[in-house]
Amino acid sequence: MQRKQVLTGRRTQLGALDAAYRQASAGGRFALVTGAAGTGRTALLTAASGAWQAAGAAVLRVPSEPGSGCPVDGFAALLSVLREHYGRFANPMLAGPLSTIGALCADAGAPSPGRLALLAQETSAAFGLIGRQLPTVLVADDVDDTPWLVAALAAAVRDNCLVVAASRTATGRLAVLADKVVDLPALDPAAVRELLTRWHGTPVDDAVLAALGAALGPLAGHPATVLQTAAELADTGRLGVFGGHLCLLDPQTTISLAAEHPLMTAARRRGTSAVRLATMAAATRFHVGDLPLFANATLGRADDAGRVLDGLVTDGVLVVQPDDVISPRCPALAARLIADAGAAAVTRLHRAYAAAMLRRSGSGVPADRATLADHVTSAGGTLPVDRRTAFALVATATEAMEREPARAADWLDAALRHSGGGPAGADILARLLRLLVRTGQFARLGDVVRAVPAGTDHPDLAAAGTLAALHIGVPLTRVLRTPPDGWPVPAMVDRWLTANPTAADLPPLAPADAPTDATPSLVTDVEFALAGWACGTADLRVATADGTRRLVDAVRPLDTDPLLIAGAMGDLAQVLLLTLGPGRYRVPGDGPLAAYHRMLVSRARGDLPGVVSAARQVGLAGGAATVSRRLARLWAAESLALQGRSEDAAVWLASVPDEPPYAALRWWVANGAAGEPGTAAEAERRIDAAHRACRRQLSFGSRIGVDRLLVRAAGLAARFGLPKQGAEIARLVGVDLAPGRHDSAGVVDRGTIGMVRAVTTADVSGAAEAIDSIRARDDRVELGYALLGIGRVVDDPHQWLFEAVNTAEEIGAPWLRDAAVDAMRVRGVRRPRSRAPRTGLSPVETQIVELVRRGRTNRQIAVQIRLSEKTVENYLTRLFTRTGCRSRVELAAASFTSDILDIAS
C-alpha cells in the first residue's frame, strides 16, 4: 500500500535541523538525529531534505548499504555520490580531488593511517569546492549500522556544507563529532491520532488507538512502527471505515508487528536459536533461570543460550523484567513471533520443554508445577492422555484459582483432555465452566461446550451454552446442539439477540428453592428468569417450597432498583453481574455485550466521544446481536446530539426502526435532539407519540427506555400544562403519583418514580431524593438531565440550573448547556459572573480557543479534540456570538484577557 510520506509531531525537530542548515553557511556543521527504530528518523530526514532542495540546496544522500567494514568503503560511498551529482556542480576543479579519491579507494592494500589521512584531505577539499558554489547537505541514515562511514562524513564538514547523520543513539565518535543532536522521542497520543488520520484520510476511532497502544506497548509512539502496523492491518482487511471513522474490524484478533519490522529482522539476523528463544519467551512465562532447561529442550548448550539472550536484549527484541522474566518488547512482537513459527512448531516446542522438565524431575531436581502445567497445557494433543497428569493439573489449578484464575482455567481445560471422561471428567468440566464464567471468557466457554461429546448429560452444560451464546452473539444452536426438553431459556436468547417478536415469554418455572452461594449449579433457571425480568415486564411468579412468591423474592435478598436501571438501559452484562454477583461472573473483554457495557460506562462518566466510539465497536462485534447494535446506535445518537452534532445524530437515529424493543428509547432520543416544543399542541402530539411508543414497548415485553420516556414525557406535560396526558403515561407503567406511593408494578425503579413525581408536582424534597439516587450511581449524563428537568419546574430553580450548566460543561455537552441556559432565561435566573480562569467556557470551548490562539486550522482542531470539522465550526460560531468577536484573530486576542470569560458567562 503506497501512500505519500506523512510527518506529524516533529515540527520542533524539523526546526532544529533547519537552524543547523542556516548556521552551516558560517561554518561546517555535523547534526546527528537520534531515535529508536521506528521513531521516524527516515521520515524526518526526507521532510527536511525536501525543504532544503526547495530552497536551492544540493542534498546528497548516502545509501545505507553494508560494506566490508573498512573505513575506505566510507570514502568510496561518498565518491559514488559525488560522481552521481557531478553534472549538477559543473566545477572542473572537482576532477582533481575526485580522481585522487578514486585511485586511493582502488588500492587493494591495507588501509594505512597515511592513506586514510590523504582520503580525508581530498574529500574535505572536494566538499570545500562544492560548498563555495552552493549550499550542500550530506545525509546518511542508519549510521550505527555503517560505522566505517563516520570518518568520511567527518571529512565532509566544511563551510556551507551540513552533514546530517541518523543513528539509534549518540555514542562513540558520533557523539564527539556532532555539534547538534536532534533526539526523536515517542509521539504523544494526539500526534499519533493526527498521523493516522492524515495517512488514511479518515478520522480514527478511539478503539483503534487503544488497540494499537496495547499491542505496541513502548513502540506505540514510534510513527514508522505505527504506520507500518496500521498499513498491514488495512491491507489484510482488518481496518475499515464504519460510521465515518477508521475502525478495527475484528478487535478480538491479536495485532502483530509487520513481518519486516526491524525487531524481527534483528532476531532473524541472530540465527535460528535466537528466533526459537524469542518465540519461547513469547509463548510462555520464561525466566532467566530457565535457560538451562531451554538448552536441554532444544538440544543446545546453556552458555550458547545465554549469549543469544544477551544479543536479543542488546537488539531490543527481548527485555528482562525486574523479576527476571524474559518477554518480547511488546505484545505485537510476541504475536508476530508466534505467527511466524506456526502453531505446530510452538506446540512441539512446548512438548519438548515439558519433556525436559519431566526428565529433570525424574533425576531428583524438583520442577516448578505451574511452569510444567503451562507447557503440558500448551503441548495439547501431542502428549499422550494420562489420568495422573489430569489430577496433577487439577491440583495445580485449585491452588491458583484465587490468585490467577485465567491461568487456572487453562490448566483445567488441559486436565479435561487428560481425564478420559467419567465422573472425574464431569467434575473437571463443572469446575472449568464456572471458572470461565467467573473470568469472563465466554468465547472460550462456547468452544468448551461445543467440544463436549453429543449426548453428554451434565447439569451445567445448558446454562454454559446459553451464557456463551448471549455473550458472543450467536444463536443457541450454534453452541448447544440439543437444549434440554422443556427448558425455558432458549426463547430468551433468541429474543435478546434478534428481537424476534414470535419468541414466547418464559413459561412458569418449576418449583425451586432459593439458590445460595453454595449452590453447585452454574446458573439456575430462576436466575436466568430474573435476568430476563430485569429487561422485560412480566411479574413472574415461582413456586417454592413454602408457596408461590414473586420471582424477585425467590432469590437471595437483592435490591431490585439496580437491576431495573440496568435492564432499562439494555445492559444485560450488568444485569448478569448483579444477578450472579462478582464472585461468579465477570463482564468479558470482548463481544457485543461487553462493548455495549463499555459504552454505557463511558456515558455514565460523561465521556461522550467515547460513547460513539464504543457504539461503533458494538456494531463491529459480529454475531447476530441485532438488539445490542441498534440500541447502541440510539445511545450514540444521543451522545452526538449532546455534543451539538445534530446532523450526525440524525444519521444514527434514522438507522434504527421505530419498533419494539427500540420504540421507547428512540422516542426519548428523538425528542431530546428536537429540543423544546414551540406550542402546547406540539407538546401534546409528542406525548401522544410517547404513549403509543410506550404501549408498543410494553406489549412486546421490553422495559428498555421506558423509564427515560416516562420522565421526559412527564416533564413535557408539566411544562405545557397537560396533566391528563402525563397521568396517562404514568398509569401505563403502573406509577401512582399519589404522595407516599412508590409502586410501579416492577416496571421502573424508585428513582424514576421520584423524578416523575418531582417534575409533575414540583416537589422539592422528592426532587432532592431523586437527585441523590442519581448521584449515588455516579452517572454524570443522567445527573445533567435530572437537574435540568427539575430546574424547569420548581419554584426556586437557581441551584438546580446552575449545577446543570456546570455539569454540562464538565462533560462537554453544549446541547445540554444551551438547554439549561435557555431554561435560566425563561425562569428569570441570571448566572453569577466569575473572574476565575476560564470558568465562562466549557472544557471543549477552552480547548478550541487555545488551539485557535496557536494558529490551528479547523481541521487540525477537529483531529486533536476528536470532533468533526463541522462541529468545530459550530462551536466557533457560538463563541463568536457569545463573545462578540468577529474573527478568529479577535477571539485569539481576547483569550489573553479575562474579558472573554466574562462575556462568555
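At roughly what angle do the axes of helix H28 and helix H30 cross?

**Figure 1. Helices H28 and H30 in the predicted model.** The axes of H28 (residues 592-604) and H30 (residues 626-642) cross at roughly 20 degrees and come within 10 Å. Axes are lines fitted to C-alpha atoms, for helices over the stretch in contact, and angles run from 0 to 180 degrees between N-to-C directions. Helices are DSSP runs of H or I with at least four residues, strands are runs of E with at least two, and both are numbered from the N terminus. H28 and H30 are therefore roughly parallel to each other (angles under 35 degrees).

**Figure 2. Residues between H28 and H30.** Leu 593, Tyr 596, Met 599, Leu 600 and Arg 603 of H28 meet Ser 628, Leu 631, Ala 632, Trp 635 and Glu 638 of H30; contact means heavy atoms within 4.5 Å.

Figure 3. Leu 467 is buried, with a relative accessible area of 0% (buried means under 20%, exposed over 50%, partly exposed in between, with a 1.4 Å probe and protein chains only). Leaving aside neighbours within four places in sequence, Leu 467 is in contact with Val 437, Phe 442, Leu 445, Leu 522, Val 523, Phe 528 and Leu 576. Leu 445 is 22 residues from Leu 467 along the chain, and their C-alpha atoms are separated by 8.3 Å.

**Notes.** Residues are numbered from 1 along each chain as its sequence is written, and side-chain values use heavy atoms, leaving out hydrogens and water. In this predicted model, local features need pLDDT of at least 70, side-chain atom pairs count only at pLDDT 80 or more, and totals for chains, interfaces and linings use all residues.

Methods. Parallel < 35°, antiparallel > 145°, perpendicular 65-115°, else oblique.
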